[in-house]
Structures are given as C-alpha cells and as structure tokens.
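This briefing goes from the overall build to one helix and then to a pocket. Please keep the sequence and the model in view while you read.

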Amino acid sequence: MFKRNIKIELDKWKSDPRRKPLLLREARQVGKTTTVNEFGKEFANYLYFNLERAEHRALMESPLNLDDLIDQMFLFHRKKRKEGDTLIFIDEIQNSPQTIALLRYF
C-alpha cells in the first residue's frame, strides 16, 4: 500500500512544472530509499547522495555556488549530464543542517 500511495504522490510531484525540493519523512525501514531509487530510474539524470557518508556530506557542505556544486555532483558520480529531468536524492539529509538550508536554492 505504501509503495502505491507514495508512487502516486511522486508522480504528481514530478509532473508539477513548479515543483520544489521534496522531503520524505516516515518511520525508519519502511522503504523510502528503495522507492526513491526506483523512481530515479524515470529521470534522465539520477544522483544519489547519503549524508551518513563523510565524502557525500563534505561535497554537499563545500563552499561552492549552486551551479558549481551541481557540476561537482555529476563529476563525483562520474556521470555526464544528459538532456532531460534530473533527480538528486539526498538521503539522511537531517545529518547536515547546512545542506537542508541549501534546498531553498534548488
């Protein structure tokens, strides 16, 4: 049931031309990360970061402007940016208040 309900909501969010960053909050171990990883397959560009990993957190907290940060995010994953939608998934974002504040610029 959770997967169907969340998928419907994620599809609505994706189709909104004025979408903003989306925060998923739910109990632990209910499949949020798995669901978003599957959803990421629908995007031309999908970048996953887990802020429990020091190297991911260091990148997100670097003093780069947003355009340079996005370029570095692609470089970090050794991916070339493709035409089309991009989904950037920042897992465990609560570990970095600085990254949470950054969301207002996306």
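From the N terminus on, the elements of this protein follow the order α-α-β-α-α-β-α, which amounts to five helices and two strands. Please bear in mind that the model is predicted.

**Overall build**
- Along its principal axes, the C-alpha trace spans about 40 × 30 × 25 Å.
- A compact globule of 106 residues would have a radius of gyration near 13 Å, and the value for this protein, 14 Å, agrees with that.
- Of the 106 residues, 31% count as buried.
- Among contacts between residues at least 6 apart in sequence, 69% join residues that are at least 24 apart.

**One side of a helix**
- In α2, the residues T35, V36, F39 and G40 are buried, and they lie on the same side of α2 because they cover an arc of only 140 degrees around the axis.
- As a general rule, an α-helix has 3.6 residues a turn, so residues three or four places apart point the same way.

**The largest pocket**
- The largest pocket has a volume of about 1,100 Å³, and of the 37 residues that line it, L22, L23, L24, F89 and I90 are the closest to its centre.
- The elements that give two or more residues to this lining are α1 (2-15), α2 (32-40), α4 (66-76) and β2 (86-91), and β2 gives the most, with six residues.
- By type, the lining of the largest pocket divides into 21 nonpolar, six polar and 10 charged residues.

Terms used:
Residues are numbered from 1 along each chain as its sequence is written. This is a predicted model: local features need pLDDT of at least 70, side-chain atom pairs count only at pLDDT 80 or more; totals for chains, interfaces and linings use all residues. Side-chain values use heavy atoms; hydrogens and water are left out. On a 1 Å grid over the protein atoms alone, a cavity is a set of points where a 1.4 Å probe fits but cannot get out, and a pocket is an open set with protein on both sides within 12 Å along at least five of seven lines; lining residues have an atom within 4 Å of a point. Grid points are joined across faces, edges and corners, and a volume is the space filled by probe spheres set on the points. Helices (H or I, at least four residues) and strands (E, at least two) are DSSP runs, numbered from the N terminus. Ala, Val, Leu, Ile, Met, Phe, Trp, Tyr, Cys and Pro count as nonpolar, Asp, Glu, Lys and Arg as charged, and the others, Gly among them, as polar. Buried means under 20% relative accessible area, exposed over 50%, partly exposed in between (1.4 Å probe, protein chains only). The arc is that of the directions from the helix axis to the C-beta atoms. The radius of gyration is taken over C-alpha atoms; the globule rule is 2.2 Å times the number of residues to the power 0.38. Contact means heavy atoms within 4.5 Å.
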